[in-house]
Amino acid sequence: MPGLELFGSSEPTTQSTVVELPAAVSASTPAETNGAASKPGVYYNPRLDPKNYLDGPLSIDPSTRLRQMLARPGIVVAPGICDGISARCALEAGFTCLYQSGAATTASRLGMPDLAIATLNDFVEAGTMHASLDPTVPVIADADTGFGGPAMVARTVTKYIRAGLAACHIEDQVQTKRCGHLMGKQVVSREEFVTRIRAAVIARDSVPGGSDFVVIGRTDSAQVLGMDEAILRLKLAADAGADVCFIEGVKTAELLKSTVAALAPKPVLVNVISGGLTPSFTCQEAEDMGAKIIIFSLVSCVAAVHGIRAAMRSLKKTGTDWTSAQGMDPKAFFEVMGLNEVVTLDARAGGKAFEEV
């Protein structure tokens with residue numbers, strides 16, 4: 001299967017064959033790989049080496065653009081989106097990367113809590129829509145556990161790539177998972193976690209013509225087994241090909257700094273949820289501590305709850321939506337949703353249906 005040759009191995013497989021590194025990935029190139037190519041079982045793909053993304057204009061391909069952003073100075077800030085409205089608002093505000101939260105997707109599409117209720121199809125349908133609003137803006141998407149064994153993890157990554165998403169994170173919780181900021185989490189073995197990451201990487205590398213899709217390894221083990229185990233798991237995930245490391249629930253600035261140092265040079269993602277396990281770091285604070293990506297998973301859906309609650313209570317009390325509308329008429333609302341772009345496209349194509357709106 002394409003992609004397997006990028007994992008070095010010095011041990012026979014169960015079929016008594018040896019997966020050899022291709023010549024371009026041999027141990028004669030340690031300067032380019034920090035020695036990774038000389039370590040048995042360590043993934044290295046020379047095409048995806050960060051140094052290849054340092055120069056040149058930003059790509060229109062969202063996965064390539066995300067790799068460029070990761071390779072260059074500055075932290076990547078990705079606000080959590082929960083639907084088309086929140087995605088449009090994030091783009092309007094000028095954000096250059098978006099995050100499709102699993103919790104937010106479950107809440108917005110199903111009206112349910114983040115307790116392993118949403119399916120792969122729920123996530124892919126949401127991701128397809130989010131990625132289409134501005135196809136050049138990278139969307140990082142939660143992929144939970146990958147929704148099953150290695151074959152299902154691979155299917156998940158393939159469907160995410162086809163949806164136009166730029167990256168996903170896959171975690172080590174059991175299949176009956178929960179939000180990473182709730183208590184009572186359980187995690188699978190190190191071996192199963194690494195298998196998930198390896199399946200994701202092989203699927204990415206099996207895309208005809210090559211894909212720059214970013215695989216993020218996430219561990220929820222810090223609250224269950226301690227920080228040392230969490231860091232070890234992410235080192236194993238990095239060796240299996242994870243492009244970015246994500247420890248959920250880092251509780252202090254000191255722990256974030258030590259995590260970044262332990263995993264260097266791999267980029268580290270930090271997830272900030274107000275009232276959650278991780279302190280409410282600002283973007284600048286996270287960057288100063290060495291994080292490369294910061295996501296604010298629930299920023300849009302929590303704001304939506306507050307705003308919609310207030311609007312509904314006002315309507316119930318006053319009998320009118322005048323106050324909550326804040327002067328926004330229907331046309332102004334649709335303009336946030338891309339009205340002008342659609343009308344312009346229709347006119348350029350010769351359509352006359354929307355000459356007046």
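Which residue takes a positive phi just after α15? The residue is G350, with a phi of about 100°. Helices here are DSSP runs of H or I with at least four residues, strands are runs of E with at least two, and both are numbered from the N terminus. Helix α15 itself covers residues 339–348 and lies largely in the open, because one of its 10 residues is buried. Buried means under 20% relative accessible area, exposed means over 50%, and partly exposed is in between, computed with a 1.4 Å probe on protein chains only.

The model is predicted: local features need pLDDT of at least 70, side-chain atom pairs count only at pLDDT 80 or more, and totals for chains, interfaces and linings use all residues. Residues are numbered from 1 along each chain as its sequence is written, and side-chain values use heavy atoms, with hydrogens and water left out.

Eight strands close into it in the order β1-β2-β3-β4-β5-β6-β7-β8, with parallel pairing. From one strand to the next the twist averages 25°. Angles run from 0 to 180 degrees between N-to-C directions, and axes are lines fitted to C-alpha atoms, for helices over the stretch in contact. Two strands pair if DSSP finds at least two bridges between them. Strand β3 (residues 139–142) and strand β4 (residues 167–170) are joined in the parallel sense by three bridges. I140 has A167 in β4 as its bridge partner.

Helix α2 (residues 62–71) packs on the sheet, where it touches β1 (76–81), β3, β4, β5 (214–219), β6 (244–247) and β8 (293–296). The direction of α2 makes about 65° with that of β5. Helix α7 lies across β4 and β5, and runs at about 170° to β5.

Within α7 (residues 190–205) sits V194. V194 counts as buried because its relative accessibility is 11%. Leaving aside neighbours within four places in sequence, V194 is in contact with L236 and A240, contact meaning heavy atoms within 4.5 Å. A238 is 44 residues from V194 in sequence, and their C-alpha atoms are 9.1 Å apart.

E287 belongs to another helix, α11 (residues 283–288). Its relative accessibility is 31%, so E287 counts as partly exposed. Beyond its neighbours within four places in sequence, E287 is in contact with G74 and I75. E287 and I75 are 212 residues apart along the chain, while their C-alpha atoms are separated by 5.7 Å.
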